[in-house]
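Please study the sequence and the structure shown here. The paragraphs that follow lead through several of its features in turn.

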Amino acid sequence: MILLRYISRSFREAIVSIKNNRGINLITIGTFTISMTIMGGFLIVYVNFNAVINKWSERVQLVIYLKDDLPIKDLDEIKKKIFSDSRVEKYTYISKDEALRAFRKRLKDNSGILDGLDTNPLPASFIVTLKDDLMESDYLKRLAKRIEGLKGIEDTEFGEGWIERFETVTLFLRFVIIAIGGLLTIGLIFVTSNTIRLSLYSRQDEIEIMKLVGATNWFIRGPFMIEAMIQGLLGVLLSLVLLFIIYRLILFRFEYSVAILTGFAHISFIPIEMTTCMILAGIIIGCTGSMISVGRFLKCSTISKSY
Amino acid sequence: MIHMYHVHKIYDRDFQALRDITLNIEKGEFVFITGPSGAGKTTLLRLIFRGEKVDRGQILVKGKNLIKIKDPEIPYLRRHIGIIFQDFKLLPKQTIFENILFAEEVIGLNRKDINIKKRAWEVLSYVGLSHKKDSFPLRLSGGEQQRVAIARALVNKPAILLADEPTGNLDSDMAMEILELFEDANVKGATVVLATHNRELINRLRHREIRLNRGKILNS
């Protein structure tokens with residue numbers, strides 16, 4: 001009951017304080033909005049880039065070429081080895097004849113050149129598809145190496161080069177987001193902490209009286225924490241609105257071009273889990289900023305002597 | 001109620017505000033702390049409500065050792081102490097009734113509770129200002145503002161009343177009126193420690209006097 005009363009009082013006081021220090025509060029909310037919009041922009045790029053890569057990664061297949069006239073026993077051994085790997089989703093066996101038929105089909109009108117062949121030169125193979133989150137070339141490399149060691153394997157092949165390139169780009173994007181996120185967080189904590197400090201100074205006398213009559217530090221802290229949390233929350237919400245408008249007005253129009261480039265027809269907005277995280281981050285950043293300045297203020301402030 | 005043993009307080013490394021103070025103030029006592037400006041009266045009071053830390057010695061207030069008290073416990077100590085300053089320390093943007101309610105709300109009471117309002121009304125009546133309950137502090141005379149400060153100090157029924165030159169800004173008649181309020185609170189059971197250099201007040205009421213000079217007790 002007391003806690004509820006404290007919280008409702010803190011809300012009341014925080015709103016009064018925001019009204020009284022409208023200018024500085026608007027600047028802080030604005031800073032939050034701009035910072036979170038930048039962050040959100042990167043998140044949209046990241047989310048969509050990841051989606052494209054995931055889509056492409058579905059096409060990542062490991063092809064295992066087999067030696068001719070392989071005994072059934074060795075073939076079973078290879079099958080067993082492939083299937084025992086937990087990250088393998090499925091595998092398909094392509095016999096020598098099937099391979100030739102497929103090749104013929106691909107050559108279409110030129111398939112006649114294959115007629116002169118005495119024997120089928122194409123090897124039988126296994127096409128192994130991996131589970132969808134596997135853009136790890138290291139893993140593919142390891143798997144290929146393991147299989148190459150088995151009896152009856154001619155060769156293995158997968159799109160090693162481009163997988164590595166995409167991995168590097170994803171890693172770089174992740175790094176950029178973490179770095180920008182970190183810097184923006186520090187900046188925002190600094191800005192909020194300063195706004196709250198101004199708010200504290202404007203209510204210095206009141207705080208002194210609170211301490212005089214026996215208010216706990218949490219009672220004093222409450223309104224300032226709520227004030228900063230409101231700043232963070234409003235800042236993030238505004239940034240999400242802004243991002244959504246940008247998304248609808250600009251990105252939506254480029255969807256066609258993106259589809260041509262990537263073969264992937266949809267640009268998505270920041271997913272709900274990430275928006276929730278952004279909102280929480282705004283609240284936590286505000287809270288941290290206010291804790292820092294109120295903590296320092298309460299440590300330094302004393303009940304002044306009267307004159 | 002208040003016990004000090006060989007208490008020292010030093011400011012800025014070398015200014016000795018209090019030197020080797022040993023004193024006992026019993027429950028229900030009324031004590032004047034006197035002495036010229038800079039004698040250490042304010043510092044002594046600030047040590048009692050833990051507005052300052054003791055540098056050397058021991059100090060017990062209402063059974064609490066203030067050397068060992070932790071920061072989060074200080075507000076609870078202050079709830080047993082009503083503090084009155086020369087400059088009143090009232091919230092100018094709140095009415096005097098709200099100023100009293102504020103002191104109750106700060107310790108966790110519900111300001112909307114009818115009993116809390118009743119208590120605020122009672123203390124305002126006690127200091128003779130209930131008819132001005134909706135006035136703002138700056139609209140009142142110095143004497144009236146000090147009476148509001150006393151009402152605020154009394155509202156949570158403190159065991160100890162500390163007053164630092166409470167009549168310093170008031171004329172002689174007003175000072176006597178204020179003094180009577182302290183006397184009355186003392187009769188009702190509060191331990192009163194009043195720092196002043198006003199001889200008229202001290203002579204008017206026959207209470208123990210602790211004389212300070214340059215941070216030392218001259219006599220008690």
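In this predicted model, B:Arg119 and B:Glu122 both belong to helix H4 of chain B, where three residues, about one turn of the helix, separate them. Side chains of opposite charge can pair when their charged atoms come close. The side chains of B:Arg119 and B:Glu122 form such a salt bridge, with 3.7 Å from N to O. B:Glu122 is partly exposed, its relative accessible area being 37%.

Over all chains, the structure contains 19 salt bridges. Another of them joins B:Glu165 to B:Lys41, with the closest N and O atoms 3.9 Å apart. B:Glu165 is in the loop between E7 and H6 of chain B, while B:Lys41 is in helix H1 (residues 41-48) of chain B, so this pair ties together parts that are 124 residues apart in sequence. B:Glu165 is buried, at 9% relative accessible area, and B:Lys41 is buried as well, at 6%.

Helix H4 also takes part in the surroundings of helix H3 of chain B. Helix H3 (residues 96-106) is mostly covered, with ten of its eleven residues buried; among them are B:Ile96, B:Phe97 and B:Leu101. These buried residues pack against helices H1 (2-20), H7 (204-212) and H8 (217-249) of chain A, and against helices H4 (114-126) and H5 (142-154) of chain B.

Finally, the surface carries a negative patch formed by B:Asp171, B:Asp173, B:Glu177, B:Glu180 and B:Glu200. Helix H6 (residues 172-187) of chain B contributes the most to this patch, with three residues. B:Asp171 is placed in the loop between strand E7 (160-164) and H6, and it is partly exposed, at 48% relative accessibility.

Technical notes
Residues are numbered from 1 along each chain as its sequence is written. Chains are lettered from A and ligands numbered from 1 in the order in which they are written. This is a predicted model: local features need pLDDT of at least 70, side-chain atom pairs count only at pLDDT 80 or more; totals for chains, interfaces and linings use all residues. Side-chain values use heavy atoms; hydrogens and water are left out. Patches are made of residues with over 30% relative accessible area and no salt bridge: like charges are joined within 9 Å, nonpolar side chains (Val, Leu, Ile, Met, Phe, Trp, Tyr) within 5 Å. Accessible areas come from the Shrake-Rupley method with a 1.4 Å probe; for residues, only the protein chains shown count as cover. A salt bridge is a side-chain nitrogen of Lys or Arg within 4 Å of a carboxyl oxygen of Asp or Glu. Lys and Arg count as positive and Asp and Glu as negative; His and the chain ends are not counted. The place of a charge is taken as NZ of Lys, CZ of Arg, CG of Asp or CD of Glu. Helices (H or I, at least four residues) and strands (E, at least two) are DSSP runs, numbered from the N terminus. Buried means under 20% relative accessible area, exposed over 50%, partly exposed in between (1.4 Å probe, protein chains only). Contact means heavy atoms within 4.5 Å.
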